[in-house]
Amino acid sequence: MKGLSFFRTIQARLIMIYVLLILIAMQLIGVYFVSSMKNSLTDNFTKDLKARAEMLSILTADKFGSEAGTSDEEGVVESLRGMVNNLYISGAEIQVLDASGKIITTSVASRNDIIGQRNTQTVVNRALQGISDNEEYIIADDNVRKKVVAKPVLSGDKVVGAIYIAADMKDLYATISRINNVFLSGLLLALALTAVLGVILAHTITHPIKEMTRHATAVAEGRFNRKMPVFGNDEIGQLSQAFNYMTGRLHEALSQNEEEKEKLASILANMSDGVVATDENGRVILMNTRAAHMLGSSDPLPEGAPLDELLGLDHEQSGSLAQGNAQSAMLRLSPMDGEEAKIVRVTFTPIHRREGRGIAGTIAVLQDVTEQENLEESRREFVANVSHELRTPLTTIKSYAEALDDGALEDPQLAVRFVGVIRNETERMIRLVTDLLHLSRLDSKESSLRIQQTDIFEMLDDVADRFSFQLRQKRIHINTKVRKEVASAWLDRDQIDQVLGNLVSNALKYTSEGGSIELEARKNDEGMLAISVRDSGIGIPKKDIERIFERFYRVDKARSRNMGGTGLGLSIAREIVKAHGGSISLQSELNEGSLVTFTLPLLQQGRSEL
């Protein structure tokens, strides 16, 4: 096993890489060198044979020419035999052929029996045809490879014979074999030296890495005082310097982290708001002193306690909290020491994991809003009391105005004008009081919802029909769209009718003649019923959009009064929508129209509330 583990180390890999690189390089060089050397020796050997054959063909042509017309044929043959024997080539056979291809003489005495026979080899036939460049390789009967060269013997333009040389190549291949052996010995020696140098070089690289591994382990264990030795200015040395720098920076970062934790603990301990942190399972992991005081807990850190039980959340709120959808809740808590109950607003903020991998926990911030709630309650009571006190005198004024309208005044023209003004103002004040009463009932939860299944298209169509007379007067076109998936819903028809009536009335008031109004019901991305009223009217400035739903807030007070507005219509609409569990929003651009959209739940739970 130790042997196998060694081959998995960087040192063994470096050695093998060096050896393989040298082996590959030497192999490539050897292939190229041996191939080039073999081609060079073979070319030189062939050129030498061709040169000798060329010289012999010239000499033979002279012999044939000098003896032409004589009868001394034997003298010619003897002369050619002497010439062939004098032109000695080691391991080669030289033959002189006549014009018919018969062998006249040969340089090998043991083969005199072939004299007079025809040489039918291809190179001979080509030479006798006058082709001078004829060569080929043959394997002799003794399995020896030979080089064959044939040259024509010319007398003028006439071929009078041929020279045939077959040379043995054993010496040539023996020379190549010796060179290969020398090269192989050099290769083995080079590999041995490379292995030794690879071991030394690999050690110089791996030794600093082993040292760095030991120091990294020490740093992981918290020993930041150890420094990595720098062995040089090369890449390994630069890495060692970077490691020492990283160790110092890590030590500083951990120290700063500890300081930040102490600061955070001090801030949490001295905050006026309570803070509770939970893990992903909703169990408390952190609570400051203020939160413990608000919740009436003597233990500043009830570790492991479920947050929903600690805050007394109901089932629905607990489910929203577990899914990370809870945003805020109002709680009435009874603190320690018998103090009065406190109203606390709890704001939930989920802690998301990186890359959207779920929720790691929740931060709950507790704010004591008892004083604000008491002030709000006082304001609501004041509005209710004032409304009740004003309704009786306003009704009396309306009665007198009707009496005056019946002819009580002597001046009919003046009486009619006064009566009209009194009636308009009285009706506006009564609407104001009625709106205030409605708001008071909504604030105090006295106005219960009468949930029923409602045909959405019929409801929108009724609203459009209710304002048909005013629409025709101003020549305003109204269009109604209802998507199939929201054909019906469970809601309080009368109160939603009031919301739609208010929104359409506003759109009608602030849309010029020839404009358009669009009513649309659809299902939004959150699966809720979304009803929108769009107009092409004068629009609302951006600075007023955020406050448009506040009570008594008017964009243009003089214009609103002239058109009969009380400044409470949108506030009432918002409260009705909130009572249904929805929300309302407004989008507008000055002189480009407005879009008011409110959402209502589509849950089939209305039957239980009937």
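Tutor: Let us begin with Asn591, which is placed in the loop between strand E16 (583-588) and strand E17 (594-600). Please keep in mind that this is a predicted model.

Student: Why does Asn591 count as exposed?

Tutor: The relative accessibility of Asn591 is 62%. Exposed means over 50%, and therefore Asn591 belongs to that class.

Student: What makes the phi of Asn591 worth noting?

Tutor: Its phi is positive, at about 70 degrees, although Asn591 is not a glycine. Most residues other than glycine have a negative phi.

Student: How do you know whether Arg475 is buried or exposed?

Tutor: Arg475 has 57% relative accessibility. The cut-off for exposed is over 50%, so Arg475 counts as exposed. Arg475 is found in the loop between helix H13 (468-474) and strand E12 (477-482). Its phi is also positive, about 55 degrees, and Arg475 is not a glycine.

Student: Why is Gln317 called partly exposed?

Tutor: Gln317, a residue of helix H9 (residues 315-323), has 27% relative accessibility. Buried means under 20% and exposed means over 50%; the value for Gln317 lies in between, so the residue counts as partly exposed.

Student: Which class does Leu20 fall into, and how do you know?

Tutor: Leu20 has a relative accessible area of 47%. Exposed would require over 50% and buried under 20%, so Leu20 is partly exposed. Leu20 is found in helix H2 (residues 10-66), and together with Met16, Ile24 and Leu28 it makes a nonpolar surface patch of about 400 Å².

Student: What makes the patch of Asp455, Glu458, Asp461 and Asp465 a negative one?

Tutor: Asp and Glu count as negative, and the patch is formed by those four residues. Its largest share, three residues, comes from helix H12 (residues 456-466), while Asp455 is found in strand E11 (residues 451-455).

Student: Why is helix H17 described as largely enclosed by the rest of the structure?

Tutor: Eight of the eleven residues of H17 (residues 569-579) are buried, each having a relative accessible area under 20%. Among them are Leu570, Ile572, Ile576 and Val577. H17 is followed by Gly581, whose phi is positive, near 90 degrees.

Student: What makes E14 and E15 a pair, and in which sense do they run?

Tutor: E14 and strand E15 (residues 529-535) are joined by seven bridges in the antiparallel sense; at least two are needed, so they pair. Arg522 stands opposite Ala530 in E15. On the other hand, six bridges join E12 to E14 (residues 516-523), and these run parallel.

Definitions and conventions: Residues numbered from 1 in each chain as written. Predicted model: local features only at pLDDT ≥ 70, side-chain atom pairs only at ≥ 80, totals over all residues. Heavy atoms only, no water. Patch = residues over 30% accessible without salt bridge, like charges linked within 9 Å, V, L, I, M, F, W, Y side chains within 5 Å. Areas by Shrake-Rupley, 256 points an atom, 1.4 Å probe, with all protein chains shown as cover. Salt bridge = Lys/Arg side-chain N within 4 Å of Asp/Glu carboxyl O. Helix = DSSP H or I, 4+ residues; strand = E, 2+ residues; numbered from the N terminus. Buried < 20%, exposed > 50% of the residue type's maximum accessible area, 1.4 Å probe, protein only. Charge placed at Lys NZ, Arg CZ, Asp CG, Glu CD.
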